[in-house]
Amino acid sequence: MTSPSDLVALARANAALVRRAEADTLLIAYEWAVAHPAREDGADAAIFHSPVGFEPISGDGTLEVNEYAVAELGGALGLSTDAAKKLIGHALELAHRLPRLWARVTAGEVPVWRARLVAEAMIHAYPALPAEGVAWIDAQVAPFIEKMGRAAVDRLIERAMKLYGLAIDEDENGASDTRHVTIVSERDPFAQTMQVHAELDIADALDLEQAVAAGAAGLKAAGCEESLDVRRSLALGELARHQTALDLAGAGADEETVGRTTARRVDLHLHFTATVEPDESISFGATGQLENRQRLVLLEQVRRWVNTSHTDIRVLPVVDLNQTLETDRYEPTDRLRRQVLLRDETCVFPHCTRPSRRCDVDHVVPFDHDAAAEGRPQPGSTVTENLAPLCRGHHRLKTHTAWHLESPANGVFEWTSPHGQRFRRDRHGTSDLSPPDLHTPRTAPTPTPA
């Protein structure tokens, strides 16, 4: 029987091995970024998309990485593409802007998670610190990182902003508030556009995003042929013209009026199991699930929602997920699209978790638009077994890179990466099918000078 002292020693030895392995993974992420830079114009640079725009994966002055290279590393590490972006961004932030902390973490002296905590805070610091301020943070953090948490790092960043003359608006309680709307007018007087910068409350930003997206879709349906970005800007202008006054309830309004004017719309997609009884009545299970299977919901709670005056319920026809649906057109029918989205629940790229409702429905075998006119059989039919939900990023990856997709069975997808990694994706998750030789590295990573 192993003694307690030996168990402690083994635990410490394993912790050191884990720390070394995590540091090596961070080094691999950095070297991968160096080996896959974005184009000089930055058109294919990896970024994070958000409802209010996009964010870079690392701070000012760091290397921009080719977005199409990220998924390969993510697959090797068993990470989603977004998680791989974050890992690469943290490695770049540490190597290029926090070299003292980078030296300690790559030497295995401190846990990687602590260094990544500092990198994440620095990437999202607003306003961004100048190079001198970043160096000051590095000098303060590196020697004492073992004793620091996120709150301490945030306090250091706030102090650096004051030291280097960056104004921080504070309310009467001393809390910082960075919300603003700025119309940029200092541009070429002959320019036909102006820039608008804003930072909003999260709920307000999401409401604005929904309104702009709906306006852009309406313009397209009305025949507007401009790009999506242009239609979004036009939709924002329409919002400004049509919402010339705030819809606030008057001082003497009753509670019902106030509730109606201030309520936010929230769309919930619910799934309940229904059973047909012998008397042909339908009974529902006591619990159901919110779409994407992330939350349980009680039937009684839904009944309460239905009974409120502001709840709009839409019941969609039952879709048999085992039935094969087909159309001769390129675009799937509404029923076929809904079947595919319900079948797969998320984007079917390895490890991706974006809900299928926010995905494109793509043909596994491409649809040949000229086949019918030229009298050839259609190789990529619009049929249940040949359709897959892909988020916009992974749709572009499949279209523009050497990633290859096959579907050996309905709802089963097999991916092969440009470097020979293989993954199977189905409704239960991702399985690694890569050949054994891909698990044996030829060389160990070594620190690369920033």
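Modeller: A polar contact is a pair of N or O atoms within 3.5 Å, where one must be able to donate a hydrogen and the other to accept it. The model under discussion is predicted.

Colleague: What makes N66 a cap of the N-terminal end of α2?

Modeller: A side-chain oxygen of N66 lies 2.8 Å from the backbone nitrogen of Y68. Because a polar contact requires N or O atoms within 3.5 Å, this pair qualifies. After α2 comes G78, with a positive phi near 70 degrees.

Colleague: Why is helix α2 called mostly covered?

Modeller: Helix α2 spans residues 67-77, and eight of its eleven residues are buried. The word buried applies under 20% relative accessible area. The buried residues of α2 are E67, A69, V70, A71, E72, L73, G74 and G75.

Colleague: Which elements cover the buried residues of α2?

Modeller: The cover includes the helices α1, α3 and α13 (392-400), together with strand β16.

Colleague: How do you know which term describes the packing of α1 and α3?

Modeller: Helix α1 (residues 4-35) and helix α3 (residues 81-97) meet at an angle of about 90 degrees, and their axes are 8 Å apart. Angles of 65 to 115 degrees count as roughly perpendicular, and the two helices are therefore roughly perpendicular to each other. On the α1 side the contact is made by T25, L26, A29, Y30, W32 and A33, and on the α3 side by L87, I88, A91, L92, L94, A95 and H96.

Colleague: What is the make-up of that contact by class?

Modeller: The contact of α1 with α3 has eleven nonpolar residues, two polar ones and no charged ones.

Colleague: Is D360 buried or exposed, and how do you know?

Modeller: D360, in strand β11 (residues 360-363), has a relative accessible area of 18%. The limit for buried is under 20%, so D360 is buried.

Colleague: What joins the side chains of D360 and R392?

Modeller: A polar contact of 2.7 Å joins them, a value that falls within the 3.5 Å limit. Apart from its neighbours within four places in sequence, D360 is in contact with A388, P389, L390, R392 and H395.

Colleague: Why do β14 and β17 stand at the edges of their sheet?

Modeller: Four strands form an open, antiparallel sheet in the order β14-β15-β16-β17. Strands β14 (404-409) and β17 (429-432) each have a single partner strand, so one side of each is left without a neighbour in the sheet. The twist averages 25 degrees from one strand to the next.

Colleague: How do you know that β16 and β17 pair?

Modeller: Strand β16 (residues 422-426) and β17 share four bridges in the antiparallel sense. F423 stands opposite D432 in β17.

Conventions: Residues are numbered from 1 along each chain as its sequence is written. This is a predicted model: local features need pLDDT of at least 70, side-chain atom pairs count only at pLDDT 80 or more; totals for chains, interfaces and linings use all residues. Side-chain values use heavy atoms; hydrogens and water are left out. Axes are lines fitted to C-alpha atoms, for helices over the stretch in contact, and angles run from 0 to 180 degrees between N-to-C directions. Angles under 35 degrees count as roughly parallel, over 145 as roughly antiparallel, 65 to 115 as roughly perpendicular and the rest as oblique. Contact means heavy atoms within 4.5 Å. Ala, Val, Leu, Ile, Met, Phe, Trp, Tyr, Cys and Pro count as nonpolar, Asp, Glu, Lys and Arg as charged, and the others, Gly among them, as polar. Buried means under 20% relative accessible area, exposed over 50%, partly exposed in between (1.4 Å probe, protein chains only). Two strands pair if DSSP finds at least two bridges between them.
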